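Please have the structure open while you read.

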Amino acid sequence: MPENEDRYPAESGRRRFVKGVVGASALGATGISTALATNLTTTSSGAGGGAIQYYGIENTDGPAPRGLPQIPVEIDDEGNLKGIWPEVKTETVNNEEVQIAEMQLGGTTYSSEWFQYCGVQTYPGVRPDTDQSNFFRSASSSSYDWQSDIETGAQLTVSDFDDYETWGNDIGESGIGKPAQATWRSQDLPPQETIPIQVLRSTRIEEMAKSASDPAVREWLQASTDQGFIAWLNKCTHFCCVPGFKETAEFGAANSVYCPCHQSVYDPFSIVQRQFTSLPRPEDTGSSESSSGGGE
Ligand code: FES
């Protein structure tokens, strides 16, 4: 579990607050475990899957059924950006040992099941026990000019986003945030098994983490964003295309995330909790090869 360092120091007492929430969540752990066990036992062809609540960026237009799930962000001592991977536990279900990646974070249950749709449930990086790096790495293809200066696969750092308060790309307003196309938990894997993500640093995220009107969202953002950085799984919930922030001036999406396949729009400045039915992971095979858990 990442250290609960003060990510937004102006919000006094955050550290105490988050710890208190973890403690409170532990009280409800029995119910959560029971629900998860039920999912596992009723899934004949794989692990996990079922009704899942998650936080994500809101779908505001187009045919997509729901928002894109957030990947909680942390920043290490060298300024490298990382995604938080839930703690990996082994539970025995029907006399079988099953790996589960799940933790209490920011007042909610954060689980690898948040990402189990659009085929991502079959990717090695989504397996709880895959020994993959959690660093955010620059994607091989990005429509943002600034990323052409960064080697594909290089770790993204805070300093890459130093101009986030002024950055613009001639689409929509400048100064509302600096984005990157990136990958997560997919190093050395082929494209079809690479998890695409989008990273954004914005003063709006900083403000929301300090003063979002919904206390539950505020608590979640304080735990899942850091220094204005937010990240999400970049697979459209409609038919799984890869959207982008500030990619088009059309469709009212100039300052939003837009999916070019069927014009769905997502708002990274509106964080909502939603529910969906996540798909089970395929049968566990060969998991003993990599058992060190959440990676770096
Ligand atoms: S809107 Fe259809 S795949 Fe994104």
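1. Strands here are DSSP runs of E with at least two residues, and helices are runs of H or I with at least four residues, numbered from the N terminus.

2. A word on the basis of all this. The model is predicted, so to speak of local features a pLDDT of at least 70 is needed, side-chain atom pairs count only at pLDDT 80 or more, and totals for chains, interfaces and linings use all residues. Residues are numbered from 1 along each chain as its sequence is written, and side-chain values use heavy atoms, with hydrogens and water left out.

3. Now the strands around that pair. Strand E10 (residues 178–184) runs antiparallel to strand E11 (residues 195–201), and 7 bridges connect them. Pairing here requires that DSSP finds at least two bridges between two strands. In general, strands of a sheet pair through backbone hydrogen bonds, either parallel or antiparallel.

4. Which order do the strands of the open sheet take? The order is E9-E10-E11-E12, 4 strands with antiparallel pairing. At the edges are strand E9 (137–138) and strand E12 (229–233), each of which pairs on one side only.

5. On to the cysteines. With a disulfide taken as a pair of cysteine sulfur atoms within 2.5 Å, the count is 2. One of them joins cysteine 118 to cysteine 240, with an S to S distance of 2.0 Å. This link is left-handed, at -90° about the S-S bond. It connects distant parts of the chain, 122 residues apart: cysteine 118 is in the loop between strand E8 (108–111) and E9, and cysteine 240 is in the loop between E12 and strand E13 (244–245).

6. The sulfur atoms of cysteine 241 and cysteine 261 are 1.9 Å apart and form a disulfide. Its S-S torsion is about -95°, so this disulfide is left-handed. Because cysteine 241 lies in the loop between E12 and E13 and cysteine 261 in the loop between strand E14 (257–259) and strand E15 (264–278), the pair ties together parts 20 residues apart in sequence.

7. Finally, which cysteines are buried and which are partly exposed? Buried means under 20% relative accessible area, exposed over 50%, and partly exposed in between (1.4 Å probe, protein chains only). Cysteine 240 is partly exposed because its relative accessible area is 26%, and cysteine 261 is partly exposed at 34%. Cysteine 236 has 2% relative accessibility, so it counts as buried; cysteine 259 is buried, also with 2%.
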